[in-house]
Amino acid sequence: GGEGMAAVQGEATEDWTLSPQMMRIYEQVRAGTDEVIDMELRPLLQWLAATIGAALTDMGGTAPDMSKDVKSVFEDLRWRPRTGDSVVRGPHWNCGSQDGSYDGSKVEGVVTEVMESGWCKVRWSDHPYSYRCGADGCYDVQPASLKLPESGVPPAVAAIEEALDATLQVLRERLTDTGFNLCLKVVWVACVSVLEACLRDDMTGNIVTVKRAQELLVRLRGYMHADGDGLKESVLDDTSLALTKTMEASLL
């Protein structure tokens with residue numbers, strides 16, 4: 001999968017940075033398939049270990065600024081919520097898991113009161129909270145049906161997705177459904193394992209690092225779920241629960 005992958009392929013194959021749990025899953029997959037695993041999957045995992053670490057730092061680059069595009073959507077829409085409207089967290093959400101979402105996914109709430117000056121109250125699963133819906137040009141919540149421009153991704157994150165596309169395409173063509181699903185799980189658990197290690201080893205307590213890890217986990221989760229064609233949500237949840245809770249606690 002590209003020049004970066006080729007460079008890693010030349011390194012010592014025992015230069016392994018993943019957990020014993022990861023190795024057990026890897027060997028289980030390898031035993032039931034063919035040499036494509038060693039040729040394609042192992043170099044990908046080694047490359048991911050390095051690149052995910054870079055994506056959590058300034059080395060990963062910054063995402064293109066999409067704020068002007070988002071602002072123009074709301075200006076054109078002239079949205080003002082009404083009682084009973086369904087809403088989700090918006091582009092300026094900074095309220096943690098108040099909506100009941102611990103992984104950044106969209107959870108719907110209901111507007112219970114519209115106040116003056118661009119504020120409203122929204123009920124999630126428990127009691128209502130107040131949010132901006134136009135105050136100071138900010139939107140903590142937005143209509144559940146509204147599709148905003150895709151936010152840009154940092155170069156390192158884009159590179160991760162491109163490498164996954166290239167390698168997984170080869171594996172999809174060469175493996176049975178069972179073998180391919182096992183490979184998907186290996187890649188997902190590897191990504192979670194690397195993120196856990198990066199946060200554990202980061203002694204700075206930098207909140208930016210944690211937020212980058214959270215954003216990357218959400219993107220990778222969506223990638224691996226593939227709108228239902230990939231890993232089951234229950235598998236994704238079970239294998240990333242500890243990491244999700246660690247990041248949530250760090251952001252409190």
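User: How are helices and strands assigned and numbered here?

Analyst: Helices (H or I, at least four residues) and strands (E, at least two) are DSSP runs, numbered from the N terminus. This is a predicted model, in which local features need pLDDT of at least 70 and side-chain atom pairs count only at pLDDT 80 or more, while totals for chains, interfaces and linings use all residues. Residues are numbered from 1 along each chain as its sequence is written, and side-chain values use heavy atoms, with hydrogens and water left out. The protein chain has eight helices and five strands, in the order α-α-α-α-β-β-β-β-β-α-α-α-α.

User: What share of the protein chain is buried?

Analyst: Buried means under 20% relative accessible area, exposed over 50%, and partly exposed in between (1.4 Å probe, protein chains only). Of the 252 residues in the protein chain, 40% are buried.

User: How many disulfides does a search of the whole structure find?

Analyst: A disulfide is a pair of cysteine sulfur atoms within 2.5 Å. The search finds zero. As for individual cysteines, Cys138 is buried at 17% relative accessibility, and Cys183 is buried at 0%.

User: How many salt bridges are there, by the rule used?

Analyst: A salt bridge is a side-chain nitrogen of Lys or Arg within 4 Å of a carboxyl oxygen of Asp or Glu. The count is six. One of them joins Arg89 and Asp99, with the closest N and O atoms 2.9 Å apart. Arg89 is in strand E1 (residues 86-89) and Asp99 in the loop between E1 and strand E2 (109-115), 10 residues apart. Both Arg89 and Asp99 are buried.

User: Which residue forms a salt bridge with Asp237, and which helices hold the pair?

Analyst: The partner of Asp237 is Arg221, with the closest N and O atoms 2.4 Å apart. Asp237 lies in helix H8 and Arg221 in helix H7, so the pair ties together parts 16 residues apart in sequence. Asp237 is partly exposed at 34%, whereas Arg221 is buried at 14%.
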